[in-house]
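Here are my notes on the model you sent over. Have the structure open while you go through them.

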Amino acid sequence: MTRYGMLIDTTNCIGCYACRVACQRKNGLDPEMDYITYEERETGTFPMVHVESIPMQCMHCEDAPCVKVCPTGATYTTDDGIVRVDESRCIGCKYCMAACPYQVRVHNPQTGVVEKCRLCAADAYESGTETCSCVEACITGCRIFGDLDDPESELSKAIVKKNALPLAGDLTKAKIFYVR
């Protein structure tokens, strides 16, 4: 069984928003809706201050709080570990939004559905392209997608080499790893 994940190297991210725009286009989102947001953090001490751009999206947690609180089962985890939303079952209660420790769930006012990153790369991977819109659009190559359980995958090797970790440690067993 494949267990999909991603690495985002924030040391190479320039905050250009190309991944966000590509995701919006891929998913047909209105300009004010996005599955990828940016958090900017200042690090260092004056005069050596650095602004770090941290792309935030669904972490596809193995222990997903949003799945646990969904009263209709609209938010669920697939066999390959991707957290998905069944739009036909979502009642728009926003419990998942409140439960998400990363605050990356998005309420669509037109449909009433609470949406999120679909990790579209998994669909692309199965069709043989092995990429997704955000990975493909990244001009600095700071995103890598692949199988977390394949020690020979580019993703697994990069996680080890770059000592990448989930943002919140092991809090939710996130499948999105960051280099910071």
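The points below go through a sheet, the nonpolar cores and the aromatic pairs.

1. Keep in mind that this is a predicted model.

2. Now the β1/β9 pairing. Strand β1 covers residues 4-9 and runs parallel to β9, with four bridges joining the two.

3. Next, the packing. The largest nonpolar core has 38 residues, and Met6, Met59, Tyr102 and Leu119 have the most contacts inside it. Two or more residues each come from β1, α1 (18-27), β3 (48-56), α5 (133-137) and β9. The largest share of this core is that of β1, with three residues. Apart from this core lies another, of nine residues, including Leu7, Ile144, Leu155 and Val179.

4. What does Leu119 touch, leaving out residues up to four places away in sequence? The list is Tyr4, Met6, His60, Ile82, Phe145 and Ile176. Two of these names, Tyr4 and Phe145, come back in the next point.

5. On to the rings: the count of aromatic pairs comes to two. One of them is Tyr4 with Phe145, stacked at 5.3 Å centre to centre with 15° between the planes. Tyr4 sits in strand β1 and Phe145 in strand β8, so this pair ties together parts 141 residues apart in sequence. Both Tyr4 and Phe145 are buried.

6. Then there is Tyr17 with Tyr38. Their ring centres are 4.3 Å apart and the planes are at 15°, so this pair is stacked too. Tyr17 is in the loop between β1 and α1, while Tyr38 is in strand β2 (residues 37-45), and the two are 21 residues apart.

7. Are Tyr17 and Tyr38 buried or partly exposed? Tyr38 is buried, because its relative accessible area of 16% falls under the 20% cut-off. Tyr17, with a relative accessible area of 29%, is partly exposed.

Note on methods: Residues are numbered from 1 along each chain as its sequence is written. This is a predicted model: local features need pLDDT of at least 70, side-chain atom pairs count only at pLDDT 80 or more; totals for chains, interfaces and linings use all residues. Side-chain values use heavy atoms; hydrogens and water are left out. Two strands pair if DSSP finds at least two bridges between them. A nonpolar core is a set of buried Ala, Val, Leu, Ile, Met, Phe, Trp, Tyr and Cys residues joined through side-chain atoms within 4.5 Å. Buried means under 20% relative accessible area, exposed over 50%, partly exposed in between (1.4 Å probe, protein chains only). Contact means heavy atoms within 4.5 Å. Rings of Phe, Tyr and Trp (its six-membered ring) pair if their centres lie within 6.5 Å; planes under 30 degrees apart count as stacked, over 60 as edge-to-face and the rest as tilted.
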